Amino acid sequence: MISIAVLVAVSAVLVYRRDGIDGLLEIFLHDVTLFGGILPRVFAGCLLGAFIAEILPHDKVSRSLGPASGLKGLLIGTAFGAILPGGPFTAYPVASALLTVGADFGATIAMVVSWTLIGYGRAVAWELPIMGTDFTLWRIVISLPLPVLAGALGRFVYVRMYPKGADE
Amino acid sequence: MSAALLIDIILWGSVIAVGFIAFQRGPTVLTSSLREGTMDFIGIVPRIALGVIGSGYIAAVIPQEIITGWLGPNSGWLGVATAVVAGAATPGGPVVGFSIGAVALKAGGGPPQVLAYVIAWALFAFQRLLLWEIPFMPARFVWFRAAVSIPFPFLAAAIAMAIGKP
């Protein structure tokens with residue numbers, strides 16, 4: 001957090017020296033508006049994460065998404081990431097909730113990577129209109145195997161980095 | 001605008017649906033998860049505030065022409081490697097990332113390089129990592145996730161080179 005604050009402060013000073021107080025204020029107002037618009041969604045994301053952490057049975061999650069869940073766990077994580085609604089304000093709280101209730105790094109990586117690469121939210125809202133249908137479909141088809149592979153690599157490396165399955 | 005509205009409807013619809021399931025488990029389950037979610041929200045707001053309100057300044061000092069230049073009509077693996085670095089370094093939201101990709105494609109950038117750029121941006125864009133992923137997830141998970149994701153823009157480019165663009 002401190003390093004981000006420093007980065008922001010340095011950038012703000014650079015903007016001020018280049019564009020003066022007007023440039024500084026313009027960006028500030030734009031970002032405050034954006035922040036106001038995002039807040040309800042962040043709240044929705046936090047509630048979604050909390051509910052999911054509460055209602056998902058821990059033993060079932062650790063069986064179907066835990067370290068021993070195999071390819072099936074990675075596929076479930078991938079499918080979950082692909083259908084998850086919303087933006088980063090939903091994906092990360094939900095991913096964090098999954099880790100809490102017993103999913104392992106591999107399945108959670110599959111979920112996050114799947115959300116970012118084949119989730120429909122960003123593709124429909126931004127990629128289709130800007131990049132065009134051809135490129136978007138081509139990119140998604142090529143991306144299809146990547147979440148499972150990333151999850152599998154994550155699991156492979158994790159087991160070797162923390163051979164005792166250490167929680168810390 | 002309608003896409004944003006649709007996303008909001010799906011999002012709050014999901015919240016209500018899982019909230020209802022929680023309520024069926026008993027009112028205490030509902031209230032305790034509401035309290036939990038609200039505490040998470042209160043804890044996260046200052047970090048998001050710093051991120052969202054500050055990120056405009058970071059984006060403003062990174063000139064986009066430099067990124068587009070990196071993505072120019074390069075070819076081969078050097079082009080892919082620069083595209084990956086450029087994707088990770090691209091500031092701003094989805095509009096910026098995809099617009100740069102679209103410009104690079106129009107300016108004659110190779111499709112595998114642009115693909116690597118878009119995928120690297122989706123996986124590593126530093127702003128999203130710092131401002132969204134780290135506040136919500138354990139930092140150890142985030143670095144681990146980013147590290148094991150490194151091969152995949154390259155793999156995607158390799159697949160793209162092998163199958164070609166229709």
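In helix 9 of chain B, the buried residues are F152(B), P153(B), A156(B), A157(B) and A160(B). Seen down the axis of that helix, these buried residues fall within an arc of 145 degrees, so they line one face of helix 9 of chain B. The model is predicted.

**Helix 9 of chain B**

- Helix 9 of chain B covers residues 151-163, which is 13 residues.
- From its first C-alpha to its last, helix 9 of chain B reaches 19 Å, close to the 18 Å expected at 1.5 Å a residue.
- Within chain B, the buried residues of helix 9 pack against helix 4 (76-89), helix 6 (111-124) and helix 8 (139-149).
- The buried residues of helix 9 of chain B also pack against helix 7 and helix 8 of chain A.

**Chain B overall**

- Chain B has 9 helices and 0 strands, and its pattern along the sequence reads α-α-α-α-α-α-α-α-α.
- Chain B has 166 residues, of which 44% count as buried.
- Among the contacts in chain B with a separation of 6 or more, 76% are between residues 24 or more positions apart.

**Contact between chain A and chain B**

- Chain A gives 66 residues to the contact, and chain B gives 63 residues.
- On the side of chain A that touches chain B, the elements giving two or more residues are helix 1 (2-55), helix 4 (88-100), helix 5 (105-118), helix 6 (120-131), helix 7 (133-143) and helix 8 (146-161) of chain A.
- Helix 1 of chain A supplies the largest share of this side, 29 residues.
- By class, the side of chain A that touches chain B comprises 48 nonpolar, 11 polar and 7 charged residues.

**Domains**

- Chain A is assigned domain 1 (1-39) and domain 2 (56-161).
- The centres of domain 1 of chain A and domain 2 of chain A, taken over C-alpha atoms, are separated by 32 Å.
- Chain B is divided into domain 1 (1-53) and domain 2 (62-166).
- In the contact between the two domains of chain B, domain 1 takes part with 5 residues and domain 2 with 4 residues.
- The side of domain 1 of chain B that touches domain 2 of chain B has, by class, 3 nonpolar, 1 polar and 1 charged residues.

How values were computed. Residues numbered from 1 in each chain as written. Chains lettered and ligands numbered in written order. Predicted model: local features only at pLDDT ≥ 70, side-chain atom pairs only at ≥ 80, totals over all residues. Contact = placed C-beta atoms within 7 Å. Helix = DSSP H or I, 4+ residues; strand = E, 2+ residues; numbered from the N terminus. Nonpolar A, V, L, I, M, F, W, Y, C, P; charged D, E, K, R; others polar. Domains from an automatic or database assignment. Buried ≥ 20, exposed ≤ 12 C-beta atoms within 10 Å, placed from the backbone. Expected span 1.5 Å × (residues − 1). Arc of directions from axis to C-beta.
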